[in-house]
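Subject: Structure handover

Hello,

Please find the structure below, followed by notes on what was found in it. The notes can be read with the model open alongside.

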Amino acid sequence: MKRILSVLLLAALMASLLCATASAESEQRSLGAGFYAIGTADNVTIEPRTADDIKVDPTTAAVGQGTSEYYESAERLSVTYTGPAEENDQFLVLLVTGNGLPTASDTICYIDQTVTATGGVTFDVYPMLPETGTDLTLYITSSREDFTTIQVDMKYAVDDTYTEYTEVLYTVGDVDEDSYINVADAARVIDHFLERAPLTGSALLAANVNGDDYVNVNDAAKIIDYFLERITGFQ
């Protein structure tokens with residue numbers, strides 16, 4: 001009997017050590033206004049810059065359920081086209097709100113540029129930015145007969161729209177962060193659900209074992225099931 005109990009105890013201990021590591025976003029500082037979700041196009045380079053024409057390096061913003069490269073404090077765009085072009089070819093850049101074809105009412109910046117002898121063309125797009133967050137579309141067109149209009153989608157956000165994303169490592173089910181998953185973790189979930197000891201930060205993330213964004217008795221039950229080896233992992 002003692003041997004059987006020892007084996008069961010060892011099995012329970014091994015089950016508690018089999019943890020699934022995950023990561024998620026954590027509330028961080030609010031970001032200032034800037035461009036984000038800037039698309040790409042062949043032969044086009046877009047470099048966000050400050051009002052003083054200083055290059056802006058991206059940070060990572062928590063956007064919806066995912067993340068996006070975010071260019072905080074960027075107010076202008078350096079746009080370079082390096083595709084087929086000959087001296088004196090005419091190129092036009094338009095930046096418009098929305099994602100439809102440009103009209104007089106939604107165009108917030110346009111620049112007409114001539115190709116130099118060195119080839120290629122660079123535009124300094126310095127628009128009157130909208131007062132609310134919005135989708136933007138950048139168009140590049142040309143007088144060349146063989147040129148197909150280029151479209152690049154992007155977005156603009158005002159101050160405090162998004163927060164900076166910082167990856168937080170945690171172990172699903174290990175609510176008390178002691179490297180074991182057992183009844184103590186289930187108890188922490190119950191205490192949180194009954195508002196006796198609210199969970200925060202990585203502990204709260206670890207407690208949401210069924211991934212439904214709510215921490216309640218269902219999560220506690222799953223932790224118990226995992227500890228008793230009724231299930232092998234969390235969904």
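Confidence in this predicted model is lowest in helix α1 (residues 2–17), where the mean pLDDT is 41, and highest in strand β2 (residues 34–36), where it is 97. The score pLDDT is the predictor's confidence in each residue, from 0 to 100. Helices (H or I, at least four residues) and strands (E, at least two) are DSSP runs, numbered from the N terminus. Over residues 1–27 pLDDT stays under 50, and the model has 46 contacts beyond four places in sequence for this stretch; a contact means heavy atoms within 4.5 Å. Where pLDDT is low, the predicted coordinates should not be read in detail. The protein chain as a whole averages a pLDDT of 84, with 86% of the residues at 70 or above.

Two notes on the conventions. Residues are numbered from 1 along each chain as its sequence is written, and side-chain values use heavy atoms, with hydrogens and water left out. The model being predicted, local features need pLDDT of at least 70 and side-chain atom pairs count only at pLDDT 80 or more, while totals for chains, interfaces and linings use all residues.

Overall make-up

The protein chain has four helices and 13 strands. Of its 235 residues, 37% count as buried. Buried means under 20% relative accessible area, exposed over 50%, and partly exposed in between (1.4 Å probe, protein chains only). The accessible surface of the protein chain is about 13500 Å², and carbon and sulfur atoms supply 50% of that; such areas come from the Shrake-Rupley method with a 1.4 Å probe, and for residues only the protein chains shown count as cover. Among contacts in the protein chain with a separation of 6 or more, 70% are between residues 24 or more positions apart.

The sheet

Eight strands make up an open sheet, in the order β8-β7-β10-β11-β2-β5-β4-β12, with antiparallel pairing. Its edge strands are β8 (107–114) and β12 (163–164), each of which pairs on one side only. Two strands pair if DSSP finds at least two bridges between them. Strand β7 (residues 90–97) and β10 run antiparallel and are joined by seven bridges. Within this pair, Leu92 stands opposite Thr141 in β10.

Thr134 also belongs to strand β10 (residues 134–142). Its relative accessible area is 23%, so Thr134 is partly exposed. Apart from neighbours within four places in sequence, Thr134 is in contact with Thr97, Gly98, Lys155 and Tyr156. Asn99 is 35 residues from Thr134 in sequence, and their C-alpha atoms are 9.9 Å apart.

Salt bridges

The structure holds 10 salt bridges, a salt bridge being a side-chain nitrogen of Lys or Arg within 4 Å of a carboxyl oxygen of Asp or Glu. One of them links the side chains of Asp89 and Arg144 (2.8 Å, N to O). Asp89 lies in the loop between β6 (76–81) and β7, and Arg144 in the loop between β10 and β11 (150–157), so the pair ties together parts that are 55 residues apart in sequence. Asp89 is buried at a relative accessible area of 13%, and Arg144 is buried at 16%.

Another salt bridge is between Arg49 and Asp53 (2.8 Å, N to O). Here Arg49 is buried, with a relative accessible area of 16%, whereas Asp53 is partly exposed at 37%. Asp225 and Arg230 also meet in a salt bridge (3.0 Å, N to O). In that pair Asp225 is partly exposed at 23% relative accessibility and Arg230 is exposed at 59%. Salt bridges that share partners also join Arg29, Glu72 and Glu164 into one network.

Loops and surface

Asp42 sits in the loop between β2 and β3 (44–49) and is exposed, with a relative accessible area of 66%. Ile150 is 108 residues from Asp42 along the chain, and their C-alpha atoms are separated by 8.7 Å.

Leu194 is in the loop between α2 (183–193) and α3 (201–207) and counts as partly exposed at 46% relative accessibility. Together with Phe193 and Val217, Leu194 forms a nonpolar patch on the surface, with about 260 Å² of accessible area in total. Patches are made of residues with over 30% relative accessible area and no salt bridge: like charges are joined within 9 Å, and nonpolar side chains (Val, Leu, Ile, Met, Phe, Trp, Tyr) within 5 Å.

Regards
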